[in-house]
Amino acid sequence: MNRFDRITAILLILQTKRLTTAQEISERFSVSLRTVYRDIRTLENAGLPIISEAGLGYFLEKGFQLPPVMFSKEEALALFVAEKFIQQSSDMVTKTAYQNALHKIKSVLNQDKKDHLESLEKRIEVQHTQDHRTDNDPWLTEVQQGIAQSHILKIDYFTPSRQQNTERNVEPIGLYFYSRHWHLIAWCREREDFRDFRLDRILSLSDTFEWFDQRLRGDLSSYLERSKDNIELHKVEVSFRQNTAQYTHEQRAWYGFMSEQSLPDQRVMMTFLTPSLDYFARWLLGYTNAVSVISPPSLRQQMRKLLSELQQVI
């Protein structure tokens, strides 16, 4: 990136955020702090009202704005959520181009909308997967608002395993997209612990307008890191006949699908990450001799065990 483009981009970043540090700019453009200071000085000499506070960062004088583009909060949020998917699935050129475009959009939003998006920055995540198709998940807008405003939400939730509805008062900390659905990650006041609520299983939702301190619960990233420590994931590699592999597309996202690769013998190798080899083995058995296990050996052992149990009852 040449210096003119970089200086223009710095201006857009200053308009995007309430406060920007020299270190953030340095890392964003892979330049030294000295270069950042020189670029900021160039903008100041051009008459731009940049204010700096020692130890905090840079910000533009209140009221300074580029010619506005009118985006509603919902439109801006939709573009922000789309970035999460693009960062997981697109090539590097597309990722960079979209990120730069989003910075330009953010720069012309009013401060209320900027604050709204910034409050959701670490509270919306998308799991890495090649299958991003989703059903119509309700409550997405209401949950986003609850997270941004730190409001306790009251939900009526259906639990399929118990075939039961329960009312919960939850403190929402984030939204996480995986297995083709959005999930609300929240602190449940009834269970006194974190819970994962799939949005399409929420039967009703209302905002209590009661504020809670999100700093006591942490953000979504910290929750996901803790979850990784508590859940052991098994890497599984299996191969399907090519004419059978196409029929797995509707289901594989539910079983931790990561990637696929064509093999020379008209077979397709797929890689999964699963928390339960038993659960995964029961799924594979439905494909009978059209599937073979590459690894781990313990998965083959589990499938043999299930087949032995089946033989005893037929």
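Analyst: A word on terms before any values: a residue is buried under 20% relative accessible area, exposed over 50% and partly exposed in between, with a 1.4 Å probe and protein chains only. This is a predicted model, in which local features need pLDDT of at least 70 and side-chain atom pairs count only at pLDDT 80 or more, while totals for chains, interfaces and linings use all residues. Residues are numbered from 1 along each chain as its sequence is written, and side-chain values use heavy atoms, with hydrogens and water left out.

User: OK, is R6 buried or exposed?

Analyst: R6 counts as buried, because its relative accessibility is 9%. R6 sits in helix α1, residues 3-16, where helices (H or I, at least four residues) and strands (E, at least two) are DSSP runs numbered from the N terminus.

User: And how many residues of α1 are buried?

Analyst: The number is 10 of 14, so α1 is largely enclosed by the rest of the structure; among the buried ones are R6, I7 and Q15.

User: What does R6 touch, leaving out residues up to four places away in sequence?

Analyst: With contact meaning heavy atoms within 4.5 Å, R6 touches M1, F29, V31, T35 and D39. The side chains of R6 and D39 also meet in a salt bridge, at 2.7 Å from N to O, where the term requires a side-chain nitrogen of Lys or Arg within 4 Å of a carboxyl oxygen of Asp or Glu. That pair links distant parts of the chain, since D39 belongs to helix α3 (residues 33-45) and R6 to helix α1, 33 residues apart. Both D39 and R6 are buried.

User: How many salt bridges are there by that rule?

Analyst: The count comes to 11. Another of them joins R189 and E210, whose closest N and O atoms are 3.4 Å apart. R189 lies in the loop between β6 (181-188) and β7 (193-198) and E210 in strand β8 (residues 202-211), so this pair ties together parts 21 residues apart in sequence. R189 is partly exposed at 36% relative accessible area, and E210 is partly exposed at 39%.

User: Which residues are in a network with those two?

Analyst: E171, R189, E210 and R217 are linked in a network of salt bridges.
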